[in-house]
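I opened the model today and kept notes as I went. Here is what I looked up.

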Amino acid sequence: MNSAARKLENALETPESGSKKQPIQSQWEEHSAAELDRAIPGCIDSIGLLSGPANTIMQLAYPGVGHGVMESRVESGSILLHPIKRARTTLSYLSVAFYGTSEEKLAYRRAINEAHAQVTSTESSPIKYRGLDPNLQLWVAACLFWGHIDVYEKLRGPMSKADQARFYEFAKPLGTTLQVRPDMWPEDIDAFWVYWNETLDTLVIPDDVKNWLMQLVDLSFLSPITHKTLGGFAKLMTTGFLHPKIRAQMDLPWGPKEQRRFQRVIKVLATVNNAMPRRLRQLPGLALMWDFRRRLNKGLPLR
């Protein structure tokens with residue numbers, strides 16, 4: 001790690017003099033992918049990738065996150081220019097956050113911090129933001145947590161309150177692996193739902209962000225052939241996985257006809273996915289975790 005990155009990490013981990021804030025986390029309880037699945041079968045199945053565009057839209061609906069991604073000067077992480085790499089980076093992060101060791105979390109934090117440090121607003125930006133803002137990261141992590149529960153419940157039925165509380169504890173590293181301090185997380189699952197619903201009620205997606213996000217809904221940012229071939233299915237999946245409040249703000253039509261089509265697809269996916277052994281259900285995440293560890297051991301770029 002270069003000296004600039006080391007200074008950045010030290011500054012983030014050490015609270016200001018006299019501050020009552022907790023430092024960002026550097027040690028986590030460790031769990032394996034198998035252990036998570038034994039506790040709540042299916043909670044981290046990789047089929048959740050289908051909800052990725054919808055979850056991205058929800059993340060970018062938050063003030064600062066959307067413009068930060070739209071205006072980002074980190075071209076290598078652009079979802080429009082490098083969608084496969086962006087998906088790989090995101091799924092690798094989920095794998096490291098859920099079942100990476102403390103050392104692996106810290107390594108990925110350093111790699112992501114170097115990119116996030118370059119994401120800052122300019123004088124022409126409509127809103128001030130910075131990629132290292134823990135409040136923005138808290139919302140992104142909250143979306144990832146909500147998305148896992150949403151996918152689980154669509155494929156397996158309602159998650160019990162006890163399992164929600166258990167999964168909430170497993171999922172805290174989604175934020176604390178980066179700059180979200182432990183004391184920033186809502187205290188328990190009930191407090192999380194208060195934060196989630198109150199934040200959703202305040203979100204208003206700016207028109208420029210909404211127009212930019214529409215490219216993700218039907219894959220219109222990809223080649224004309226891909227857009228024509230897969231755009232309809234992508235729009236159905238993305239619209240179906242969006243939270244109803246965000247769906248309405250995106251002005252995406254959704255009625256009984258669309259709901260029936262979505263449910264038919266989900267029923268087929270659930271039948272196939274839920275019958276698979278754990279390693280197949282988690283295969284993309286496990287494969288990317290293997291690749292992450294290979295890169296880490298060889299000193300290769302982690303993003």
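I took helices (H or I, at least four residues) and strands (E, at least two) as DSSP runs, numbered from the N terminus. This is a predicted model: local features need pLDDT of at least 70, side-chain atom pairs count only at pLDDT 80 or more, and totals for chains, interfaces and linings use all residues. Residues are numbered from 1 along each chain as its sequence is written, and side-chain values use heavy atoms, with hydrogens and water left out.

**Overall fold.** I found 16 helices and 0 strands in the protein chain. I then checked the radius of gyration, taken over C-alpha atoms, against the globule rule of 2.2 Å times the number of residues to the power 0.38. For 303 residues a compact globule would come near 19 Å, and the protein chain has 19 Å, so the two agree. Along the principal axes, the C-alpha atoms fill a box of roughly 60 × 50 × 40 Å.

**Burial.** I called a residue buried under 20% relative accessible area, exposed over 50%, and partly exposed in between (1.4 Å probe, protein chains only). Of the 303 residues, 49% count as buried.

**Arg260.** I located Arg260 in helix α14, residues 256–275. Its relative accessible area is 49%, so Arg260 is partly exposed.

**Glu71.** I placed Glu71 in the loop between α4 (65–70) and α5 (83–99). Glu71 counts as partly exposed because its relative accessibility is 27%. I also looked up Asp188, which is 117 residues from Glu71 along the chain. Their C-alpha atoms are separated by 34 Å.
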